[in-house]
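Open the model in your viewer and keep the selection panel at hand. Each stop below says what to select and what is there.

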Amino acid sequence: MDWANLGFKYTKTDFRYISVWKDGEWDEGILTEDNRLSISEGSTAIHYGQQCFEGLKAYRTKSGDIQLFRPDENSKRLNDSCDRLLMPQISSDKFIDACKQVIKANERFVPPYGSNASLYLRPFVIGVGDNIGVKAAQEYIFCVFCVPVGAYFKGDISPVNFIVSDYDRAASKGTGSVKVGGNYACSFYPNKLAKDRGFADCIYLDPQTHSKIEEVGAANFYAITKENVFITPKSESILPSITKKSLIYIAQNHLNMKVEERDIFIDELSELKEAGACGTAAVITPIGMIEDEGKQYTFNGGEEAGEITKKLYKILTEIQFGDREAPEGWIFKA
Ligand code: PLP
Ligand code: COI
């Protein structure tokens, strides 16, 4: 494997975990080498988008151990997504055990320490079985597969540029706060428009007033004000990012910064010192420039990550790769 240039693309790894829910309960689950699923043409996941997923990473530490970053949080969020789409819950023990089984069975794909790459785990739940009516399925599949990954955007902490989209990704009382496929299918088109114009992805505004920042593609938004306050949007239609939650903790407890979760208006962009996207795949990606209605807003000169962003990135990734003591409960040995 070319560990330094993995990017974010599919690699077929050796094993994936599959468990089936039937007659009101999950089976034990198995590891299989087959990366194809055989499901009914009537599966609700296919017709009505009854499916949800997660994304988390396993990291190789200096000593060669493998560790997971906050998998209990992904387990909770998967259950929130399942609740919203009337799918069955998965216990935290089953979720974490499935992740550990997949890591162990695919250990040769866990990137070496120092490569800045990790093993991305993709748990998902889909409604299956013979259905046609618009209602929840009677059978489900829970699967976890893994892919070794590097950078989602440019890599390291090079800034990238975004354009504000006219399209919405989620309605205010819709499914924006859960991780369901529908939120992503509708983002392909605005993402293409942004990429065609040379941007890394687009920024979504609040669906009601189109004046406040919500999401940066498939990552949360944060910014640093001139007064060194860490700000990040508060909204019922954004995904509660585990990376963002961790950065809030780091900003408050390691960098002694004030944090505000609040409305961030597009009008405010010219007042902000640094801006960034954060997420499991995106890690921390500094934002060099945001274009909105032909107007360009540049952060920290546009070419380099700002000082606070660099510090946040260093502390977060040191914790994830085991080079710094983690706050209680953040790290699970794989
Ligand atoms: N927002 C969206 C829409 C996402 O898909 C993701 C990725 O999971 C995030 C934010 C970041 O969340 P997390 O930090 O939990 O990966
Ligand atoms: C993640 O960061 O885990 C995501 O799910 C974002 C994207 C790859 C869908």
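**Stop 1: ligand 2**

Select ligand 2: the space it takes is the largest pocket. Two definitions apply here. A pocket, on a 1 Å grid over the protein atoms alone, is an open set of points where a 1.4 Å probe fits, with protein on both sides within 12 Å along at least five of seven lines. A molecule sits in a pocket if more than half of its atoms lie within 2 Å of the pocket's grid points.

Before going on, note that this is a predicted model, where local features need pLDDT of at least 70 and side-chain atom pairs count only at pLDDT 80 or more, while totals for chains, interfaces and linings use all residues. Residues are numbered from 1 along each chain as its sequence is written, chains are lettered from A and ligands numbered from 1 in the order in which they are written, and side-chain values use heavy atoms, with hydrogens and water left out.

Now show the shell, meaning residues with a heavy atom within 4 Å of the ligand. Around ligand 2 you will find Phe8, Phe53, Gly55, Tyr120, Arg122, Tyr152, Lys179, Tyr184, Ala218, Thr280 and Ala281. By class, that is seven nonpolar, two polar and two charged residues; Tyr and Ala count as nonpolar here, and Gly as polar.

Next, draw the polar contacts (pairs of N or O atoms within 3.5 Å). The side chain of Tyr120 puts an N or O atom 2.6 Å from an oxygen atom of ligand 2. The side chain of Lys179 also has an N or O atom 2.6 Å from a ligand 2 oxygen. From Ala281, a backbone N or O atom lies 2.8 Å from an oxygen of ligand 2. Taken alone, ligand 2 exposes 280 Å², and the protein buries 90% of that (Shrake-Rupley method, 1.4 Å probe).

**Stop 2: the two domains**

Colour domain 1 (3–149) and domain 2 (160–320); the bounds come from an automatic or database domain assignment. Where does ligand 2 lie relative to them? Both domains give residues to its shell, so ligand 2 lies between them.

**Stop 3: ligand 1**

Select ligand 1, which sits in the largest pocket. Of the 16 residues around it, Arg77, Tyr184, Ser241, Thr243 and Thr280 come nearest.

Then pick out its polar contacts. An N or O atom in the Thr280 side chain is 2.6 Å from an oxygen of ligand 1. Lys179 brings a polar side-chain atom to 2.8 Å from a ligand 1 oxygen. At Ile242, a polar backbone atom is 2.8 Å from an oxygen of ligand 1. On its own, ligand 1 has 380 Å² of accessible area, and the protein covers 96% of it.

Notes:
A polar contact is a pair of N or O atoms within 3.5 Å; within protein, one must be able to donate a hydrogen and the other to accept it, and residues adjacent in sequence count only if both atoms are side-chain atoms. On a 1 Å grid over the protein atoms alone, a cavity is a set of points where a 1.4 Å probe fits but cannot get out, and a pocket is an open set with protein on both sides within 12 Å along at least five of seven lines; lining residues have an atom within 4 Å of a point.
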